[in-house]
Amino acid sequence: MFSPYYAWDGRRAPEEHCAINVALYGSPARWAMTERGAGALARSENSFAVGPSALHWDGNGLDIDINEVCAPWPRRLVGHVRLDVETINTRAFELESVGRHFWRPIAPLARVSVTMSQPEVKWRGHAYFDTNRGAEPLETGFKDWHWSRARLHDRARVFYDAEKRRGGHTALSLEFDSKGGLFERPAPDFVSLPQSAWRLPRVTRSAKSARLIATLEDAPFYSRSQIAHEIDGEEAVSVHESLDLDRFAKPVVKAMLPFRMPRAKGPAVKNGVVGKK
């Protein structure tokens with residue numbers, strides 16, 4: 001959905017514009033998001049491969065094999081991720097009123113094991129797994145949005161606020177418990193976070209003021225952050241995202257994207273078998 005090549009191609013053939021994005025934060029940090037054409041795509045009901053990287057769902061969790069080259073500096077990013085779900089949510093939420101954009105938090109509570117060989121790092125922790133789908137470009141449906149997810153003791157809290165292009169505001173304040181329960185909760189007030197280095201406005205929901213712990217991703221139209229705030233009387237640490245789609249729609253911003261999102265030439269998947277670079 002953020003592919004400049006797809007936009008420049010008139011959004012005619014999504015299978016020709018596929019990528020698996022991998023972002024590794026901390027030290028060492030890595031970023032890879034190489035776009036590939038339909039010849040590098042192999043998929044079935046339970047698997048999805050783009051070039052030399054692939055995802056497989058076994059009914060209880062997700063195995064992700066990563067074999068990528070970073071951009072803009074060409075370094076290898078190779079390893080395996082295992083996500084085990086604790087609870088599965090089957091409900092998809094309509095983000096606007098004309099049925100063109102949906103969001104589903106598939107596994108709001110999950111565990112993850114990460115084993116990377118290039119660079120050589122590994123860890124275990126809690127995780128989250130969701131999906132967005134839509135029938136039109138994001139910038140057609142929305143002006144901006146702010147999203148966050150926190151893992152509390154035995155539950156997850158998710159806030160999703162979006163300004164709709166056709167007017168109105170989407171405000172979701174959700175709780176998912178360890179037994180599979182889904183509850184709509186009153187949303188705390190908006191509080192401001194510091195602007196990003198690109199002067200992108202960031203807001204979140206909190207009973208008190210919120211604190212920015214770290215900015216993980218900083219682009220002209222998007223930021224991903226780690227924040228601390230109060231939710232339901234508890235101190236929580238959330239992953240937070242802000243997205244400005246007015247900025248994203250600007251031609252100059254799309255022209256910057258290939259520096260972080262190169263496009264590979266030639267297929268890397270043949271007959272549904274993942275090949276190696």
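These legends describe close-up views of a predicted model.

**View 1**
The C-alpha trace spans about 50 × 40 × 35 Å along its principal axes. Buried residues account for 47% of the 277. Of the contacts between residues at least 6 apart in sequence, 49% join residues at least 24 apart. The accessible surface is about 14,200 Å², and carbon and sulfur atoms hold 52% of that.

**View 2. The largest nonpolar core, with 22 residues.**
Trp103, Phe142, Trp145, Tyr160, Leu172, Phe221 and Leu243 touch the most other members. At least two residues of this core come from each of β11 (142-151), β12 (155-164), β13 (169-177) and α3 (245-248). A core of 20 residues lies apart from this one; among its members are Leu41, Leu62, Cys70 and Ala110.

**View 3. The surroundings of Trp145.**
Leaving out residues up to four places away in sequence, Trp145 touches Asn132, Leu138, Tyr160, Asp161, Ala162, Glu241, Ser242 and Leu243. Tyr160 and Leu243 also belong to the largest nonpolar core.

**View 4. The β17–β18 hairpin.**
Strands β17 (residues 211-218) and β18 (residues 222-231) run antiparallel and are joined by 6 bridges. Between the two strands lie 3 residues. Asp218 has Ser223 of β18 as its bridge partner.

**View 5. The salt bridge between Arg166 and Glu136.**
The closest N and O atoms are 2.8 Å apart. Arg166 sits in the loop between β12 and β13, and Glu136 in the loop between β10 (121-134) and α2 (138-141), so the pair ties together parts 30 residues apart in sequence. Arg166 is partly exposed, at 42% relative accessibility. Glu136 is buried, with a relative accessible area of 15%.

**View 6. Two further salt bridges, from the 26 in the structure.**
Asp84 pairs with Arg82, with the closest N and O atoms 2.9 Å apart. Asp84 is partly exposed at 32% relative accessible area, whereas Arg82 is buried at 15%. Asp244 pairs with Arg247, and here the closest N and O atoms are 3.9 Å apart. Asp244 counts as buried, at 16% relative accessibility. Arg247 is partly exposed, at 22%.

**View 7. A network of salt bridges.**
Six residues are linked here: Arg155, Arg157, Glu175, Arg185, Asp232 and Glu234.

Note on methods
Residues are numbered from 1 along each chain as its sequence is written. This is a predicted model: local features need pLDDT of at least 70, side-chain atom pairs count only at pLDDT 80 or more; totals for chains, interfaces and linings use all residues. Side-chain values use heavy atoms; hydrogens and water are left out. A nonpolar core is a set of buried Ala, Val, Leu, Ile, Met, Phe, Trp, Tyr and Cys residues joined through side-chain atoms within 4.5 Å. Buried means under 20% relative accessible area, exposed over 50%, partly exposed in between (1.4 Å probe, protein chains only). Helices (H or I, at least four residues) and strands (E, at least two) are DSSP runs, numbered from the N terminus. Contact means heavy atoms within 4.5 Å. Two strands pair if DSSP finds at least two bridges between them. Accessible areas come from the Shrake-Rupley method with a 1.4 Å probe; for residues, only the protein chains shown count as cover. A salt bridge is a side-chain nitrogen of Lys or Arg within 4 Å of a carboxyl oxygen of Asp or Glu.
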